[in-house]
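Hello,

Here is the structure we spoke about, with its sequence. My notes on two parts of it follow below.

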Amino acid sequence: MNCLWCGKTTKEGIQLRELVSFTRVEPMVRCDSCSSKLVSLQNVPICRGCSRHWIEEELCSDCQKWKVEYPSYPFKHTALYQYNTFIKEWIEAYKYTGDYRLGELFKKEIQSFFFKQKKQVIPIPISDKSKQLRGFNQVEGLLEFAGVSYTAVLIHCGTGEKQSSKDRKMRMLSPQPFVVDKSLQMNIKGKHLILVDDIYTTGRTFFHAADCLMRNGAQSIETFSVSR
Ligand SMILES: [Zn+2]
Ligand SMILES: [Zn+2]
C-alpha cells in the first residue's frame, strides 16, 4: 500500500488491533510521516464556536464578532486539524488542481466523526464556475470517500469568485451566495442539520449557509470541517 499523499510504501501486515478484534482493518491511506505533519484539534483546548486552538472558556474573538451579527446562532463547530502547510498543500492539490483521489486522505477521521450521526448532512455547495473548472464538489468528494450520505439542499448562485483570492475584509462583505433548492426543502424543515466544508477560514461561508438554512426552517445547525 502506498501513501496517498507522498507515495511512499507503508508497512502492510496484520496489525495488533486486527488480531484483537478479528476484523480486517482497512489499510492506512497516509503514511506515519505524513500523519505526523498534521496537528489534531481533538485533544487540545479549543473554541467551542469554531474549533480553533483557544484556551479560554469564552468564545474566541472571531466568534464574539459573529455573535453580534448572529445572536441566536448556536456556535458548535468541529474541525479535525489545524490549518498548516500540509493542509494548505493538500487543499491546493485536491481542490485547486482537482485531483479527486486526494479526497480520500481524511476518510477514516470523517468516517468516525459521522459514525452514528443522526443529523442531516448538508455539504457547502460550489459555484457552477468552480464545478466546471474542478469537475467535482470537493466537500461531496470527502463525504463520498467516507461513505457518508448527504443531501445537497443548498445551491450556490453567487459569482464563484474564489474566497481565497480576497482579503479578509472583502470576504466579510461578500453577499449571501446560497439559496435552498425548494424541491428539497422538506429535508431541512424542522430538522437537525450538520453543515460540512473543507476549511473554516473566516467563518463567512458557514454563516451565510447556516443563515439560509435557518430562514428555511432548520431546527438546529452545527458545522464540521477538516481544517480550521
Ligand atoms: Zn506519506
Ligand atoms: Zn471561535
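C50 and C63 are both buried (under 20% relative accessible area with a 1.4 Å probe, protein chains only; exposed is over 50%, and partly exposed lies in between). This is a predicted model, in which local features need pLDDT of at least 70 and side-chain atom pairs pLDDT 80 or more, while totals for chains, interfaces and linings use all residues. Residues are numbered from 1 along each chain as its sequence is written, chains are lettered from A and ligands numbered from 1 in the order written, and side-chain values use heavy atoms, without hydrogens or water.

Zinc site

The zinc ion (ligand 2) is coordinated at 2.3 Å by the SG atoms of C47, C50, C60 and C63. Donors here are N, O and S atoms within 2.8 Å of the metal (3.2 Å for Na, K and Ca); water is not among the atoms, so sites may look incomplete. Along the chain the donors follow the spacing C-x2-C-x9-C-x2-C. C50 sits in the loop between α2 (32-35) and α3 (61-69) and C63 in helix α3, so this pair ties together parts 13 residues apart in sequence. Helices are DSSP runs of H or I with at least four residues, strands runs of E with at least two, numbered from the N terminus.

Helix α7

Six of the eight residues of α7 (138-145) are buried, so the helix is largely enclosed by the rest of the structure. The buried ones are Q138, V139, E140, G141, L142 and L143. Just after α7, G147 has a positive phi of about 70°.

Regards
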